[in-house]
Amino acid sequence: MATFDAMPIPDAPHALPLVGHLVPLARDRLAFLAGLHAYGEMVWIRIGPWKALVITSADLSDRVLRDDRTFDKGGYLYDRIRETGGNGLVSCAHSDHRRQRRLVQPVFHRDRLPGYLALMSEQLDEVLGRWRDGGTVDVRADMQSITARTMLPRGLPPAVMERMLADMNVILAGVTWRSIVPKSLDRVPTPANRRYRRAQERLRGVVADAIGRYRAGDTVHDDLLSGLLASYGAEGDDAEIHDQVLTFLLAGTETTANVVSWALHLVAGHPDIERRLRDEEDLARKVVLETMRLYPPVPVLTRITTKDTELGGHDVPAGTAIAYSPYLVQRQGGHFKDPDRFDPDRWGDGKDVPRAPFLAFGGGARRCVGDTFGIAEAELMLSTITRRWSLRPVPGSRVRPALSLVLTPRTLRMRAVAA
Ligand code: HEM
C-alpha cells in the first residue's frame, strides 16, 4: 500500500504492561477519552493484548462514517453487541445492511410515529400519576419504563416487564465491561458472567414468545414489533425479526430514556430554563439537542477496517479496530463555544442549528434509523414532565456516569415538586 506515514500515529501514554489503558478506561472512560484529543487527530490505545485507533477529530470521524464499506461494523464493542443483537440492523455487516435497512426503515415512517407517541404517552401519564408532591423519584428507572412501552411487546405481566428492563441494563453494562477485558474471562463462572448469560437467555425467551403470540393473534398493535412484522410480511425470517427486536430494545430504550434523565438533571440546575420550558414551545427540542451534545447516549462506538486504507495521511492496515466518539467531538472548543456549558440557546431557533459536528446519532449510511422518533419522544417527555413537575436534586447526591454502553447516570434520584 502507499506510504503516507511521515510521523507515526502516537500511542496514548501511561499504558501499563499487560492491561494497557484498562485502568483509566474502567475508572472514568469519558475523562480518558476527552484527554486523547491532546495527542492529535488519531491515537492508539491499548486494552489488554490488542490496540484500537481512536479518532479524535470531527473531520476524520466523518470520513470513517461516510465510508461504511472500508470502516465496517466491528471492533471491540460490536463484537460484544453482536452477542445479544445478533445480526440485527445495528450490528450487521455492510454487505447485509442495505437489504435490512430497506426492511426496517418503514417501521419508522412518519405516519407511524403518532401511534408510537400515543402509546408512550399512556405510560408517561401512568408513571407521572404515581409521583407524589415532595416524594423521591428514581428518574432513570421511570424514564426507562416510559420509553420501553413502544419497544416491549404488549400483554406482558408487569413483573416480566420489570425483569426485562433490569436484564437489559445488565446486558448494556456487560457489553462495555466485556469489551475491555479479554474474552478468555467469559468462561469463568463469576456471578457477573452468570447474570449476563441469564439476562440474555431470559430476554431471548420473552422475545421469541412475543413473536409467536403476535403472529398467532389477529390484533395489530401500534408498537414497533407490529411495525416490524408488517414490514417483514407473513413470510419474514423469524430469526432475523428476533434479532431486530433485541436490537430495538438495546438501541432504542435506554438511549432516549437517558436523554430525558440528563435533561431533567441539567434543567434542575438551570431554573431559568425550567421556567422558560413552560412558556416557550420550541425550547424542549433545543434542550434535547443540547443534552445530547453534552451527554451523547452512546459516547463511543467502534468499527473494523476491511482493507488496507489511508486515514489522516497515515496507512491503516486491514483488521484495525477504530473507535469514534460523539462525546469527544461534541465537547471540543473548536466547534462549540464554551463547550462544557449547558446552553440550549446555541441551537438558534431550532432550525438554524450551528454548523458544528453533531455525531450523537452517528452518520452516513449507518446513521440511527430511530433519530426522528427518539427526538420526538424525548421532546414530548421533557415538556410534559416540566409542565407538571419541578424535579429537584436530592441533597447530598452526586450524579456520576456509569460504565455502560449507554451514557447513563449511576443513579438519579430527584425530589418531585408539583409545578
Ligand atoms: C435519542 C435517542 C437515540 C440515540 C442517541 C441513538 C444513537 C444511535 C447511534 C449513535 C447510532 C449509530 C451507531 C454506530 O455508528 O455504530 C444508532 C443506530 C441505530 N439506532 Fe439509534 N439512537 C437513539 C434512538 C433510537 C431508537 C428510538 C431506535 C429504535 C428502536 C434506534 C435504533 C437504532 C438502529 C436500528 C440503528 C442502526 C441503524 C443502521 O445501522 O442502519 N435508535 N443510534
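The ligand sits in the largest cavity, where sitting in a cavity takes more than half of a molecule's atoms within 2 Å of its grid points. A cavity here is a set of points, on a 1 Å grid over the protein atoms alone, where a 1.4 Å probe fits but cannot get out, and lining residues have an atom within 4 Å of a point. This is a predicted model, in which local features need pLDDT of at least 70 and side-chain atom pairs count only at pLDDT 80 or more, while totals for chains, interfaces and linings use all residues. Residues are numbered from 1 along each chain as its sequence is written, and side-chain values use heavy atoms, leaving out hydrogens and water.

So what holds the iron? The ligand's iron atom has a single donor from the protein, Cys-368 (SG), at 2.3 Å; donors are N, O and S atoms within 2.8 Å of the metal (3.2 Å for Na, K and Ca), and with water not among the atoms, sites may look incomplete. Cys-368 also counts among the residues nearest the centre of the largest cavity, along with Val-90, Ala-251, Thr-255 and Val-298.

Around the ligand there are 29 residues, the closest being Tyr-78, His-97, Arg-101, Tyr-324 and Cys-368; being near means having a heavy atom within 4 Å. Tyr-324 brings a polar side-chain atom to 2.6 Å from a ligand oxygen, and Arg-366 brings one to 2.9 Å from a ligand oxygen. Such polar contacts pair N or O atoms within 3.5 Å.

Conventions. A polar contact is a pair of N or O atoms within 3.5 Å; within protein, one must be able to donate a hydrogen and the other to accept it, and residues adjacent in sequence count only if both atoms are side-chain atoms. On a 1 Å grid over the protein atoms alone, a cavity is a set of points where a 1.4 Å probe fits but cannot get out, and a pocket is an open set with protein on both sides within 12 Å along at least five of seven lines; lining residues have an atom within 4 Å of a point.
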